[in-house]
Amino acid sequence: MESGATALPSGLTIEELLDWRPEFGVLTVCVGVDPGDRGEGWLIELRNQLNAAVEPADDGHDRGRGLRAAAQRALDRFDEEALPSGRCQIGFCEASDDRRARDIWSEAQLDGFRTSASYGDRARLTPLLKLLDEGAAIGVVAVSAERIHLYGWKLGSLELVHDWEAEMYSLDWRERKAGKPSDVARTQGAASSGRDQYDQRLEHNRARFLKETGRLTADEARNRNWRRVIGFGDPENLRQFDEGAEKGAEVELAEAVDVISEDRGKLLERVNAAVADGNRRRELALIERAVEGARTPGGHGALGLIDVQSSLNEGRVEHLLFDADTQDSQLADLEDEIIERALRTSALITPVEGEAAESIREHGGVAAVLRY
């Protein structure tokens with residue numbers, strides 16, 4: 001998770017959520033909504049997960065009543081004809097049967113999140129951190145020689161930021177009403193030269209247009225705190241566009257395809273796929289940095305629970321990576337503590353799954369890139 005990306009869609013910050021300690025604890029719920037599932041398997045799974053989280057902690061008294069009430073409120077959110085709009089929903093529900101009980105929900109149009117529920121003294125932040133990391137804001141540029149669309153993508157939604165169109169100046173090619181010249185070859189040469197000049201001017205205007213919009217895109221990237229910018233279009237046009245962008249705002253080629261006139265839904269599918277691919281590459285690169293740093297004398301990396309905890313306590317961790325689906329009981333028990341320490345020391349956090357998680361399980365499921 002990038003710094004500057006800690007604000008939830010509700011406006012609450014993760015730091016505020018970290019300090020939230022209701023009397024009877026918090027029920028944390030992550031729901032992968034599938035509106036197209038007529039059998040509502042995802043809703044059945046939600047009920048099962050809620051029951052599994054509530055039953056062991058139900059003491060039959062105030063805590064139990066509050067926990068059951070929180071689970072029912074979570075279920076009621078999805079047990080209606082009109083579902084919430086986000087494909088992924090993450091909620092933190094206060095274990096209380098008071099009508100003023102506080103529930104905090106965040107949503108995103110992202111797939112791939114498993115339905116889960118857990119109960120504890122405080123909110124379990126891992127699903128939310130994963131959501132914010134997967135859905136971190138990026139820029140998306142669709143480039144053609146004479147038109148550029150710049151989008152902002154965040155949490156699975158795509159918004160048009162700019163629609164730029166080049167102003168091209170054409171020459172007057174009207175034929176002169178004069179007698180046929182005696183030297184045809186010279187006249188044809190002059191006409192050919194004029195067309196060459198026109199083509200050169202056109203190419204110059206296009207190059208200037210691409211570079212200037214590249215510079216403007218770099219400004220947007222800084223102002224909007226985009227993690228990166230990805231591009232669709234002819235690689236040569238993107239190269240010229242990229243020349244206008246300053247270092248640190250370079251454009252990564254997603255696909256060499258013209259999408260200027262493409263349906264927005266189809267474009268969003270392309271962007272989602274490119275973002276997911278980029279996130280996986282980023283995770284593996286970060287883990288490689290941590291591993292290499294840990295194995296190099298004086299290097300900036302830490303592996304395993306003991307070394308990472310020590311580095312966190314010293315405030316040396318720049319980027320914390322851990323297995324978000326860990327089966328290691330020791331790491332699972334300390335997960336909240338590690339996350340809190342990382343947040344308190346302004347470390348970046350990336351919970352990983354899949355191939356990236358496999359690559360750090362041999363190191364205890366946790367790794368860190370160090371500041372010094």
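**Entry 1: a helix pair**

I looked up the crossing of α8 and α9 and noted that it is left-handed, a word used when the near helix is turned anticlockwise from the far one by less than a right angle, whereas clockwise would be right-handed. I wrote beside it that this is a predicted model, in which local features need pLDDT of at least 70 and side-chain atom pairs count only at pLDDT 80 or more, while totals for chains, interfaces and linings use all residues. I also noted that residues are numbered from 1 along each chain as its sequence is written, and that side-chain values use heavy atoms, with hydrogens and water left out.

Two packed helices are described by the angle between their axes and the distance between the axes. For helix α8 (residues 305-313) and helix α9 (residues 329-344) I found an angle of about 20° and axes 10 Å apart. That makes the two helices, α8 and α9, roughly parallel, a label for angles under 35 degrees, with over 145 counting as roughly antiparallel, 65 to 115 as roughly perpendicular and the rest as oblique. The axes are lines fitted to C-alpha atoms, for helices over the stretch in contact, and the angles run from 0 to 180 degrees between N-to-C directions. Helices here are DSSP runs (H or I, at least four residues), as are strands (E, at least two), and they are numbered from the N terminus.

Which residues make the contact of α8 with α9? On the α8 side I listed L305, Q309, L312 and N313, and on the α9 side Q330, L331, L334, E337, I338, R341 and A342, where contact means heavy atoms within 4.5 Å. By class, I noted six nonpolar, three polar and two charged residues; Ala, Val, Leu, Ile, Met, Phe, Trp, Tyr, Cys and Pro count as nonpolar, Asp, Glu, Lys and Arg as charged, and the others, Gly among them, as polar.

**Entry 2: a residue in α7**

Is N279 buried or exposed? N279, which lies in helix α7 (residues 264-295), is buried, with a relative accessible area of 1%; buried means under 20%, exposed over 50%, and partly exposed in between (1.4 Å probe, protein chains only). Not counting residues up to four places away in sequence, N279 touches D133, E134, R227 and R228.

**Entry 3: salt bridges**

I found that the structure holds 36 salt bridges, each being a side-chain nitrogen of Lys or Arg within 4 Å of a carboxyl oxygen of Asp or Glu. One of them joins the side chains of D19 and R344 (2.7 Å, N to O). D19 lies in the loop between α1 (14-18) and β1 (26-32) and R344 in helix α9, so the pair ties together parts that are 325 residues apart in sequence. D19 is partly exposed at 47% relative accessibility, and R344 is partly exposed at 41%. Both belong to a network of salt bridges that links D19, R122, E340 and R344.

I also looked up D219 and R222, whose side chains meet at 2.3 Å, N to O; they are three residues apart in helix α5 (residues 184-223), so about one helical turn separates them.

**Entry 4: the whole chain**
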